[in-house]
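Subject: The structure to look through

Hi,

Here is the structure, ready for you to open. Could you have a look at it alongside the notes below?

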Amino acid sequence: MKTLVIGGTGTVGSATVKGLLAAGVDVRVMSRTPEKAKALGNVEAVTGDLTDPASARAAFAGVDSLFMLNPVSQTEACEGLSGVCLAREAGIK
């Protein structure tokens, strides 16, 4: 089982990643700066940005579950909807 964590380099997201890794889950972290994600440990780091869904589409492929935490911002609704649409398109349940 592979879980995609969006926002995995932030405070809550990085704690989520650590918990998933401790539970033996394969983790993919989507970040605008994947170098930060690599510092979290044994994760697959991918580049993506929910404000540009085309850049994020590949990150959703081949994952079974999703943890998405996007920041409160002027684009939060757009980012959230993009994430949900991409997850549905990829067949994530």
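Below are some notes on the overall fold and then on a few residues.

First, the ground rules. This is a predicted model, in which local features need pLDDT of at least 70 and side-chain atom pairs count only at pLDDT 80 or more, while totals for chains, interfaces and linings use all residues. Residues are numbered from 1 along each chain as its sequence is written, and side-chain values use heavy atoms, with hydrogens and water left out.

The overall picture

The protein has four helices and four strands (DSSP runs numbered from the N terminus, H or I of at least four residues for helices and E of at least two for strands). Starting at the N terminus, they follow the order β-α-β-α-β-α-β-α. The radius of gyration, 12 Å, agrees with the value near 12 Å that a compact globule of 93 residues would have (taken over C-alpha atoms; the rule is 2.2 Å times the number of residues to the power 0.38). Along the principal axes, the C-alpha atoms fill a box of roughly 30 × 25 × 20 Å.

Of the 93 residues, 40% are buried (under 20% relative accessible area, with exposed meaning over 50% and partly exposed in between; 1.4 Å probe, protein chains only). Contacts here mean heavy atoms within 4.5 Å. Among those between residues at least 6 apart in sequence, 50% join residues at least 24 apart.

Thr3 sits in strand E1 (residues 2–6) and counts as buried because its relative accessibility is 5%. Its side chain makes a polar contact of 2.6 Å with the side chain of Ser65 (a pair of N or O atoms within 3.5 Å; within protein, one must be able to donate a hydrogen and the other to accept it, and residues adjacent in sequence count only if both atoms are side-chain atoms). Leaving aside residues up to four places away in sequence, Thr3 also touches several others, including Leu20, Val25 and Phe67.

Asp49 is in the loop between strand E3 (44–47) and helix H3 (53–60). A polar contact of 2.7 Å links its side chain to that of Thr51. Beyond four places in sequence, Asp49 touches Met30, Arg32, Ser55 and Ala56.

Arg88 belongs to helix H4 (residues 76–90), and at 69% relative accessibility it counts as exposed.

Best wishes
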